[in-house]
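The sequence and structure come first.

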Amino acid sequence: MRPTKSRSWFTRLAKATAHLAGRPAAFILATAVILVWLVTGPVFHFSDTWQLVINTGTTIVTFLMVFLIQCTQNRDTEALQVKLDELLRVTAVAHNALLDLEELEEHELGKVRAGYAKLAERARADLRKGLADTGIPDVR
């Protein structure tokens, strides 16, 4: 399997927008827009239309950004899950049942989490006794 770059225009747009929105220049631009709006307040006598301009603009930008950033987050999360699954797959002593763990029902995930919580508690108890907390203990 050889990964290729996305050819979807929406994916490319979402990634580029999320990348640019997280830059200092985007924050400076947003601050400048707010400052210009504030400075123009006295010119427009702080009218309803003056307030409506900023409310409408910020609402539209926020609405669109939610979808673009969520798309990017979803793709990043899925890519990270695949990478983690691959690390589990190639680790000889890893539990293969942990592959694709994010697809489990909430109660099933809770059972797995509880097993690891018990493992962590045993490791802390060993540390309090002066024992090592390393090794490959059974997760039960």
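## Model and secondary structure

The protein chain has four helices and zero strands, and reads α-α-α-α along the sequence. Helices (H or I, at least four residues) and strands (E, at least two) are DSSP runs, numbered from the N terminus.

The model is predicted: local features need pLDDT of at least 70, side-chain atom pairs count only at pLDDT 80 or more, and totals for chains, interfaces and linings use all residues. Residues are numbered from 1 along each chain as its sequence is written, and side-chain values use heavy atoms, with hydrogens and water left out.

## Overall dimensions

The radius of gyration of the protein chain is 25 Å, whereas a compact globule of 140 residues would have a value near 14 Å. This radius is taken over C-alpha atoms, and the globule rule is 2.2 Å times the number of residues to the power 0.38. The C-alpha trace spans about 70 × 45 × 30 Å along its principal axes.

Of the 140 residues in the protein chain, 11% are buried. Buried means under 20% relative accessible area, exposed over 50%, and partly exposed in between (1.4 Å probe, protein chains only). The protein chain exposes about 11600 Å², with carbon and sulfur atoms supplying 65% of it; accessible areas come from the Shrake-Rupley method with a 1.4 Å probe, and for residues only the protein chains shown count as cover.

Among contacts in the protein chain with a separation of 6 or more, 33% join residues 24 or more positions apart. Contact means heavy atoms within 4.5 Å.

## Packing of H1 and H3

Helix H1 (residues 9-21) packs with helix H3 (residues 48-90) at an angle of about 100 degrees, and their axes are 8 Å apart. H1 is therefore roughly perpendicular to H3. Helix axes are lines fitted to C-alpha atoms over the stretch in contact, with angles running from 0 to 180 degrees between N-to-C directions. Angles under 35 degrees count as roughly parallel, over 145 as roughly antiparallel, 65 to 115 as roughly perpendicular and the rest as oblique.

H1 contributes Phe10, Thr11, Leu13, Ala14, Lys15, Thr17, Ala18 and Ala21 to the contact, and H3 contributes Met65, Leu68, Ile69, Cys71, Thr72 and Arg75. By class, nine of these residues are nonpolar, three polar and two charged. Ala, Val, Leu, Ile, Met, Phe, Trp, Tyr, Cys and Pro count as nonpolar, Asp, Glu, Lys and Arg as charged, and the others, Gly among them, as polar.

Thr11 lies in helix H1 and is buried, with a relative accessible area of 9%. Leaving out residues up to four places away in sequence, Thr11 touches Ser6 and Arg75.

Ile69 lies in helix H3 and is partly exposed, at a relative accessible area of 35%.
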